[in-house]
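The sequence and the model are shown first.

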Amino acid sequence: MGAALQLARRGFSVTVLERAAAVGGNAGSFELDGLQVDYGSHRLHPSCSPRILADIRAMLGDDLLDRPRHGRIRLRGRWLHFPLKPLDIALHAPPSFLTGVVRDGLWKPRADHQDENFATVLQQGLGPTICHDFYFPYARKIWGLDPTELDAEQARRRVSAGSIGKMVRKVLNAVPGLKPKGGGRFFYPRHGYGQISHAYHAAAMKAGARVLLETNVSAVNLDGSLVRAGNSCFSARQVLSTIPLPQLVRLMEPAAPPEILASAEALRYRAMILVYLVLETERFTEFDAHYFPGAEAPVTRLSEPKNYSLVPLPGRTVLCAELPCSRQDKVWTAGDEELGSLVTEALARFNLPVRAKVRRVAARRLPQAYPIYTRDYRRHFERLDQWAGGLDGVLTLGRQGLFAHDNTHHTLAMAYAAAECLDENAALDRGRWAEHRREFERFVVED
Ligand SMILES: Cc1cc2nc3c(=O)[nH]c(=O)nc-3n(C[C@H](O)[C@H](O)[C@H](O)COP(=O)(O)OP(=O)(O)OC[C@H]3O[C@@H](n4cnc5c(N)ncnc54)[C@H](O)[C@@H]3O)c2cc1C
């Protein structure tokens, strides 16, 4: 939608084909018993580029709320404020954990660069205590693999505090007055995160773009000149695609070479089930999100959307539990009631019993929640990327399109950049796009 808006404003004839019944993808929202809920916990981070933030502000006005972060993380059976705060750590972190972190900061084993992977990079930067208490069990849950089976890039792109020094700076940023801009705060639209995509949608239509919902792209010509969606065909000079890269490769006509299709098969995404519990109570807790890095339960995060937007909804609240999984796991096809019990049992284990009446359980499934950077992903990704980069008339971008662990503001930056890289005939300036791609490589996801 971001690219559609930019291109429509430049006077191009733009058609957006969206498979779902609403825009927004994973960054969308939907209504559940009177409350707009997101596909898992979503925030607009203050690190968003000033230009994009100004556009979002101009579209949302007073609906873009500036909110303090107020979450909790479970560590060795205790709760710590998240994002971490110095005083809270001093008062509530287990002393054995703190002495472990200090010891790790003072003494670092020599790096063995021969076998660099997610585990070795983080162990080198953060030491064993933080890794074994937090990142390693969290990684097993999020990506379903042992940390040693993940590429080092996953640590660089996914862990913003990759060294004890960076982590200390992050903790200090949460102190009011030390870093007034952004520290410990986030932006959130009053009517749910999806309000951002809806605002882009409305602005793009106003600028002349055509947006066709429930339109599944089933084939794309190798030169982008023709896109098929069911029985309809659309001709184009340039196709910008946010379809997951492996899927896009499989949709190309004529078919991509066998080695490209094999690499498309090798790139894997982690799926996620979102379990929503509608409770008959004003509030479950005061916290916006709870983080569960440990192996005790399959849930990684629990959010309470009402605490993000403070939208009035008397006598009712919704919880959203995130369960990363594989589409081959039994849980992927579990019924709503079974999923609801799984979540309430997990919460009870963390001393968060659901005492209120559960009015309704609903589940949503994200087949592509996280790209998995396995040890051989780079070889396959680079092969696909090089091949797709050679196509004249098809440009792949976005979190799914570039197989990147990115935030919404990153994917919007990609959209704006792509729109800028098209000349008046919609031909791509490859040199400029390559420069932008180098910038995208520096994006680090924020939670
Ligand atoms: C659990 C979770 C939490 C997150 N939290 C945050 C957060 O707090 N802050 C943040 O900034 N970001 C967050 N993100 C990331 C954010 O959701 C993405 O950056 C954002 O969705 C943009 O991604 P995208 O547009 O590239 O891909 P997607 O959101 O996946 O959109 C791709 C679109 O393409 C459509 N599509 C796919 N195939 C076809 C087809 N064949 N035909 C037609 N249409 C098709 C899909 O329907 C979808 O609308 C989170 C992501 C997840 C999974």
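Asp33 sits in the loop that links β2 (29-32) to β3 (35-38). In this predicted model, its phi is near 45°, a positive value in a residue other than glycine. Asp33 has 15 C-beta neighbours inside 10 Å and therefore counts as partly exposed, since that class lies between 12 or fewer for exposed and 20 or more for buried.

A positive phi, near 60°, also occurs at Asn351, again a residue other than glycine. Asn351 belongs to the loop between α12 and β18. Because 9 other C-beta atoms lie within 10 Å, Asn351 is exposed.

## Cis peptide bonds

The peptide bond from Phe82 to Pro83 is cis, and its omega is near 0°. Pro83 is placed in the loop between β6 (78-82) and α3 (86-92).

Glu253 and Pro254 are likewise joined by a cis peptide bond, with omega of about -5°. Pro254 is found in the loop between β13 and α10 (258-266).

## The four-stranded sheet

In what order do the strands of the open sheet stand? The order is β11-β10-β9-β13, four strands with mixed pairing. At the edges are β11 and β13 (252-253); each has a single partner strand, so one side of each is left without a neighbour in the sheet.

Strand β9 (residues 219-221) runs antiparallel to strand β10 (residues 226-229), and two bridges join them. Val220 has Val227 of β10 as its bridge partner. The two strands form a hairpin with four residues between them, and Gly224 in the turn has a positive phi of about 70°.

Strand β10 is also antiparallel to strand β11 (residues 232-235), to which four bridges join it. Two of the facing pairs can be named: Ala229 has Ser232 of β11 as its bridge partner, and Arg228 stands opposite Cys233. This hairpin has two residues between β10 and β11, and Gly230 in the turn has a positive phi of about 60°. In a regular strand, side chains alternate between the two faces of the sheet.

## Domains

The chain is divided into domain 1, residues 84-173, and domain 2, residues 270-372. Their C-alpha centres are 26 Å apart. The contact between them involves nine residues of domain 1 and ten residues of domain 2. On the domain 1 side, the touching residues divide into six nonpolar, one polar and two charged.

## Ligand shell

Which residues come nearest to the ligand? Among the 28 residues around it, they are Gly25, Ala27, Gly40, Gly398 and Asn407. Two or more residues of the shell are given by each of the elements β18 (358-372), α14 (398-401) and α15 (408-420). By class, the shell residues divide into eight nonpolar, 14 polar and six charged.

## Two reference residues

Is Val101 buried or exposed? Val101 has 21 C-beta neighbours inside 10 Å and so counts as buried, the threshold being 20 or more. Val101 is part of helix α4 (residues 95-106). The C-alpha atoms of Val101 and Arg9 are 52 Å apart in space, with 92 residues of separation in sequence.

Lys357 lies in the loop between α12 (336-349) and β18. Lys357 is exposed, because 9 other C-beta atoms lie within 10 Å. Between Lys357 and Thr281 the C-alpha to C-alpha distance is 7.7 Å, although they are 76 residues apart in sequence.

## The chain as a whole

The protein chain contains 16 helices and 19 strands. Its radius of gyration is 22 Å, close to the 22 Å that the globule rule gives for 447 residues, so the chain is as compact as a globular protein of that length. Along the principal axes, the C-alpha trace spans about 65 × 60 × 45 Å.

Of the 447 residues, 42% count as buried. Among contacts between residues at least 6 apart in sequence, 74% join residues at least 24 apart.

Definitions and conventions:
Residues numbered from 1 in each chain as written. Predicted model: local features only at pLDDT ≥ 70, side-chain atom pairs only at ≥ 80, totals over all residues. Pairing = 2+ DSSP bridges. Domains from an automatic or database assignment. Contact = placed C-beta atoms within 7 Å. Nonpolar A, V, L, I, M, F, W, Y, C, P; charged D, E, K, R; others polar. Near = placed C-beta within 6 Å. Rg over C-alpha atoms; globule rule 2.2 N^0.38 Å.
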